[in-house]
Amino acid sequence: PTGGLFAPVNGISYDGGGQPADTLEILGGVATQLTYTAGATHDAGTLVHTGAAGTQTIDFAGIAPITDTVAAATLVIKGTTGNDAISVTDGGLVNGQQTTQVSAATFESIRFANKATVTIDGNGGMDFLTFNNPTVAAGLTEMDVANIGVVSQTGAVNYTNLSFNNVGLVGL
C-alpha cells in the first residue's frame, strides 16, 4: 500500500518456478529497514521490511533478480556463510530512479533505490567484494562493508560515505 507495507500475518511466500525471467519486484511503500538474507540456494532467500505499518516478510525461491524501491533508512544484505564473490554495480533505472545492484553467483541479485544506508555483510567465509558503481542509487548516502575477506574495485566508486569493517585487504 502507498505509504506502508503489505504485511499479512503469515508473511508472503513467492516461488517463481526457476525460469530465468521470474523477477520479484517490490515497488513503493515505506519502511525503516530492509534486511535481505541469502537462502540455501542461489535463487532463494528472505526479505524483511520493518516499519511503522508492521513487518512485511517475503520468503522467495526460484526467482531471477529482485528489485526493491521501498523507501527505507537502511538496507542490510547478508551473504551466505560460504565464500561469496560479490559485485556492486550500477543497476540502471527503475521508474526513473537510479538503482545500485549487489550480486553474487551464490545468492540472488538485488537492485535497489531509496535506501540511505546500505550494509553488505559477507556473513562469514572469505568473501571477495568488487565495486564498479559510479552512479549510485537514488537516496544512497552511505555504504558500509562488513565481514568481507577482500575488497577491490574494477571501476569508479562514488559514495558520500564509505566504511569497512572487514577481515582482509582493501584495495581501492
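At 67% relative accessibility, Asn-95 counts as exposed; the terms are buried for under 20% relative accessible area, exposed for over 50%, and partly exposed in between, using a 1.4 Å probe and protein chains only. Asn-95 is found in the loop between strand 8 and strand 9. Its phi is near 50°, a positive value in a residue other than glycine. Most residues other than glycine have a negative phi, and most peptide bonds are trans. Asn-147 also has a positive phi, of about 60°, although it is not a glycine. Asn-147 sits in the loop between strand 13 and strand 14 (150–157), and counts as partly exposed because its relative accessibility is 36%.

The model is predicted, so local features need pLDDT of at least 70 and side-chain atom pairs count only at pLDDT 80 or more, whereas totals for chains, interfaces and linings use all residues. Residues are numbered from 1 along each chain as its sequence is written, and side-chain values use heavy atoms, with hydrogens and water left out.

Now the chain as a whole. Its secondary structure comes to zero helices and 16 strands. Helices (H or I, at least four residues) and strands (E, at least two) are DSSP runs, numbered from the N terminus. The radius of gyration of the chain is 15 Å, close to the 16 Å that the globule rule gives for 172 residues, so the chain is as compact as a globular protein of that length. That radius is taken over C-alpha atoms, and the globule rule is 2.2 Å times the number of residues to the power 0.38. Along the principal axes, the C-alpha atoms fill a box of roughly 45 × 30 × 25 Å. Of the 172 residues, 45% count as buried. Among contacts (heavy atoms within 4.5 Å) with a separation of 6 or more, 59% are between residues 24 or more positions apart.

The strands form sheets, in which two strands pair if DSSP finds at least two bridges between them. Inside the order, strand 8 (residues 85–94) and strand 12 (residues 128–133) run parallel and are joined by five bridges. Val-88 stands opposite Phe-131 in strand 12.

Another open sheet of eight strands has the order 1-5-4-3-7-11-13-15, again with mixed pairing. Here the edge strands are strand 1 (12–15) and strand 15 (161–165), and each pairs on one side only. The twist averages 15° from one strand to the next; for such angles, axes are lines fitted to C-alpha atoms, for helices over the stretch in contact, and the angles run from 0 to 180 degrees between N-to-C directions.

Where does strand 11 lie, enclosed or open? Six of the seven residues of strand 11 (residues 115–121) are buried, so this strand is largely enclosed by the rest of the structure. Strand 7 (residues 72–78) pairs with strand 11 in the parallel sense over six bridges, and Ala-72 stands opposite Lys-115. Five bridges join strand 11 to strand 13 (residues 142–146), and these two run parallel as well. Across this pairing, Val-118 stands opposite Met-143 and Ile-120 stands opposite Val-145.

The next topic is the interior. In soluble globular proteins, nonpolar side chains tend to be buried together. A nonpolar core is a set of buried Ala, Val, Leu, Ile, Met, Phe, Trp, Tyr and Cys residues joined through side-chain atoms within 4.5 Å. The largest such core here has 35 residues, of which Leu-47, Ile-77 and Val-102 touch the most other members.

Gln-98 is in strand 9 (residues 97–104) and counts as buried because its relative accessibility is 18%. Leaving aside neighbours within four places in sequence, its contacts include Asp-90, Phe-112 and Ala-138. Leu-140 lies in the loop between strand 12 and strand 13 and is buried, with a relative accessible area of 7%. Leu-140 and Ala-113 are 27 residues apart in sequence and 7.3 Å apart in space, C-alpha to C-alpha.
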